[in-house]
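Please look over the sequence and the model shown here before reading on.

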Amino acid sequence: QVQLVESGGGLVQAGGSLRLSCAASGRAFMRYGMGWFRQAPGKDREFVGRITWNSMIYYGESVKGRFTISRDNAKNTVYLQMNSLKPEDTAVYYCAAGEGGSSWSRYDYWGQGTQVTVSS
């Protein structure tokens with residue numbers, strides 16, 4: 001069992017930056033693939049990016065070049081650094097742990113989500 005808690009969301013102007021954190025508790029964190037997803041009102045959950053257990057990183061097309069994922073296994077934490085934010089990045093952001101991949105169905109554990117709002 002893994003518990004995930006996101007933090008770091010908030011309100012930011014377009015062009016600004018935020019860093020989200022996802023703190024994990026439970027066993028064998030370093031064995032899990034970790035993903036970031038987001039969901040805006042009225043839209044499907046969207047893949048943002050993921051990092052494998054051995055730190056291979058993949059991004060969704062809409063965030064490539066702007067967002068950076070990293071993990072610190074010693075701290076059981078995954079980070080999502082978001083730069084050059086746009087109003088269309090506004091969503092609830094979730095971290096997830098599981099087998100990994102770009103589909104939300106490949107993740108077994110989810111955080112509660114953190115709101116990111118980007119004003120124009």
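## The disulfide

Cys95 has a relative accessibility of 1% and therefore counts as buried, a term that means under 20% relative accessible area, with exposed meaning over 50% and partly exposed in between (1.4 Å probe, protein chains only). Cys22 is likewise buried, with a relative accessible area of 0%. These two residues form a disulfide with their sulfur atoms 2.0 Å apart, where a disulfide is a pair of cysteine sulfur atoms within 2.5 Å. The pair links distant parts of the chain, as Cys22 lies in strand β3 and Cys95 in strand β9, 73 residues apart. Helices (H or I, at least four residues) and strands (E, at least two) are DSSP runs, numbered from the N terminus.

The link of Cys22 and Cys95 is right-handed, with 55° about the S-S bond. The structure holds one disulfide. In general, a disulfide is a covalent bond between the sulfur atoms of two cysteines.

## Basis of the model

This is a predicted model, in which local features need pLDDT of at least 70 and side-chain atom pairs count only at pLDDT 80 or more, while totals for chains, interfaces and linings use all residues. Residues are numbered from 1 along each chain as its sequence is written, and side-chain values use heavy atoms, with hydrogens and water left out.

## Strand β9 and its partners

Seven of the eight residues of β9 are buried, so this strand is largely enclosed by the rest of the structure. Strands β4 and β9 pair in the antiparallel sense over seven bridges; two strands pair if DSSP finds at least two bridges between them. Within this pairing, Phe37 has Tyr94 in β9 as its bridge partner.

Strand β9 also pairs with β11, antiparallel and over three bridges, and Ala91 stands opposite Val116 in β11. Three bridges join β9 to strand β10 (residues 107-110), again antiparallel, with Tyr109 in β10 as the bridge partner of Ala97.

Strands β1 and β3 are antiparallel and share six bridges; Ser7 has Ser21 in β3 as its bridge partner.

## The nonpolar core

The largest nonpolar core has 28 residues, and those with the most contacts inside it are Leu4, Met34, Trp36, Leu80, Met82 and Tyr93. Such a core is a set of buried Ala, Val, Leu, Ile, Met, Phe, Trp, Tyr and Cys residues joined through side-chain atoms within 4.5 Å.

## Two loop residues

Asp89 is found in the loop between β8 (77-82) and β9 (91-98). Because its relative accessibility is 0%, Asp89 counts as buried. Its contacts, leaving aside neighbours within four places in sequence, include Arg38, Arg66 and Val118.

Gly101 lies in the loop between β9 and β10 and is buried, with a relative accessible area of 8%. The C-alpha atoms of Gly101 and Ala91 are separated by 20 Å, the two residues being 10 apart along the chain. Beyond residues up to four places away in sequence, Gly101 touches Phe37, Phe47, Arg50, Arg106 and Tyr107.

Conventions:
Contact = heavy atoms within 4.5 Å.
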